[in-house]
Amino acid sequence: MTDTASAARDRKPSQFRLVMTRLLRKKSVLFCGTMLLIAVLCALAPGLIAPQDPYDQSLILRLKPPSFMEGGRDGHFLGTDHLGRDTLSRIIYGARITLLVSLLAVAVSTATGIAAGVAAGFYGGRTDAVILRLIDMQLSFPVILLVIAVVAVVGPSLTNLVIIMGLSGWPRMARIVRGAVLSVRGLEYVDAARAIGAGSMRIMAYHIMPNILSAIIVYASFELARMILLEATLSFLGLGVQPPTPTWGGMISDGRDYITLSPWVSLFPGLAIGIVILTFNILGDELRDALDPQLNHE
Amino acid sequence: MLRYTVRRLILTIPVVFGILVISFMLTRLSGDPTDLILPPDAPDSAREAFRRINGLDRPLISQFGTFVVNVFRGDFGNSLRFHEPALSLVMERMGATMELAVAVMAIAILVGIPTGVVAAYMRNTPVDISVRGVSLLGQAMPSFYLGILSIIVFAVWLRWFPSGGRGTWLHLVLPATTLSFQLIALIARVTRSCMLDVLGQDYIRTARAKGLSERRVVWLHALRNAFIPVLTVIGLQVGFLLGGVIVTETVFSWPGVGRLAVQAIYARDFPVVQAVVFLFAMIFVLVNLIVDLLYAAVDPRIGYR
């Protein structure tokens, strides 16, 4: 009994704690983490944070500049759009659509990519060849064109967007996963597992997956940034979640007609997009470094 | 080299087939193309006639066969909006798109590669750190937002450049620089990391040891060896570029294929959409083929297996 207790105390900290400690030492991670937390809070409870109703229109308050500029109104910190709706509140509500669509799309692309990548890397041979050809085929289309064409045909509902955006991302994930599987497949512990009679499924789930997980997590965080960009582009082109639901891309597009006199209508939603993407890119970079056992972390 | 070329050519056949299948399926995705093209209140007799004329009553495989034959004859059908052959509509605008694409690539390469070389050479100095910072920013800014920002600053406030349209080279400046921004960021980053690899090699030390000037070592010996991976990345970015022109042309009202595609999508003009999808994918396949062959020609280690 005392033996196990002391063993537990002497045990090295878990991989998770190790990575977290490395991450939290960095100022950039703390900053990005805070930004991310704010975005998530906006997405979860916009009603508690937003100062105004994002759908509330007012003809008198059309295209008002931000309250810190001349001519601005109290209560409309970032000004109003062409229908007199509060920009700050719409940005806060817009976080919900952006994060929801991108997270679900990444989930779809990651799940499909893992399935295809593990199958290709683990079975090899003909399965590998077919999946690689499929990857090449899809990567030979400009993603945006394919996505907008398909969305235009099937209609821009939330479900359609998630599925189409998700499927647009699987080939890259599959490539990463396949490469990672290939690098661990020939290792001794996989042979050992097979020698004691583990089936293919068991080997893939319990022996290969845990060892390629960090590559997947890192890639998924970059993929999330890419999906946010894609969602914003689609909404900008009018093929995202439809108005009056506020989306950041849609808000920029709304403001386009007024950029001569009221540039702020487009300005602030774009800043929101930029900050969120930057956050995920930096977090992805830091995560990659923190998960890399070969890097000197002292 | 010949064997490699032939093998590489054969490998593109299934990809081209896939492109054909996807372009064909585009209008079949929602079930019946009749619903996409005819107005919702069209009488059933009109629907029947439409199906018969366009061969939609035949089995899918035979429809696909006709589609493939027509594509190879350059026939994507007539645009539903302009009543002209879809392909000639696309080709008319291809010049404008190529002009933009070439300008973007030229700016990206001419700015990106030197920036990457300098950043690698001055590693961890303020220069390097600011290059990395700007390139992180470049990746975070959607190109359409950057486009709108540049219109606000350079067209509305400073009045240096027109805000849209095509004509003089002044019209080209804003769309080309906004679209190249992300590419510059990427090319600079890749060049930087390749240069860092190369600068640590023995032959660089040899070159220095035999008394070559630092400038010669960096720009000739090192850059030449770092160039190959950079070339591949540039080849892969043609896909990004073709996607990017769609958005950029829309923002700047550039009369090219991308804008045509977006308008065709809004107008549900599917023959034009199919033609653009197919042509863009083919351009991408072709460019990657050329890059791969160039790659094999430049680097003797590739292909002889």
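In chain A of this predicted model, helix α5 (residues 87-123) packs against helix α6 (residues 125-139) at an angle of about 140°, the two axes lying 7 Å apart. Axes here are lines fitted to C-alpha atoms, for helices over the stretch in contact, and angles run from 0 to 180 degrees between N-to-C directions. α5(A) is therefore oblique to α6(A), since angles under 35 degrees count as roughly parallel, over 145 as roughly antiparallel, 65 to 115 as roughly perpendicular and the rest as oblique. The crossing of the pair α5(A) and α6(A) is left-handed, meaning that the near helix is turned anticlockwise from the far one by less than a right angle. Helices are DSSP runs (H or I, at least four residues), numbered from the N terminus.

From α5(A), the residues A:Ala116, A:Ala119, A:Ala120 and A:Tyr123 meet A:Gly125, A:Thr127, A:Asp128, A:Ile131 and A:Leu132 of α6(A). Two residues are in contact if their C-beta atoms, placed from the backbone, lie within 7 Å. By class, this contact of α5(A) with α6(A) holds 6 nonpolar, 2 polar and 1 charged residues. Ala, Val, Leu, Ile, Met, Phe, Trp, Tyr, Cys and Pro count as nonpolar, Asp, Glu, Lys and Arg as charged, and the others, Gly among them, as polar.

Between the chains, 37 residues of chain B are in contact with 33 residues of chain A. On the chain B side, the elements giving two or more residues are α1 (2-26), α6 (126-140), α7 (143-157), α10 (214-251), α11 (257-266) and α12 (270-298). α12(B) gives the most, with 7 residues. This side of chain B divides into 30 nonpolar, 7 polar and no charged residues.

Within chain B, the domain assignment, automatic or from a database, gives domain 1 (2-71) and domain 2 (93-298). Their centres, taken over C-alpha atoms, are separated by 34 Å. In chain B, 13 residues of domain 1 are in contact with 13 residues of domain 2. The largest share of the domain 1 side, 9 residues, comes from α1(B).

The mean pLDDT of chain B is 84, and 96% of its residues reach 70 or more; pLDDT is the predictor's confidence in each residue, from 0 to 100. The model scores ipTM 0.81 and pTM 0.85.

Residues are numbered from 1 along each chain as its sequence is written, while chains are lettered from A and ligands numbered from 1 in the order in which they are written. Local features need pLDDT of at least 70 and side-chain atom pairs count only at pLDDT 80 or more, whereas totals for chains, interfaces and linings use all residues.
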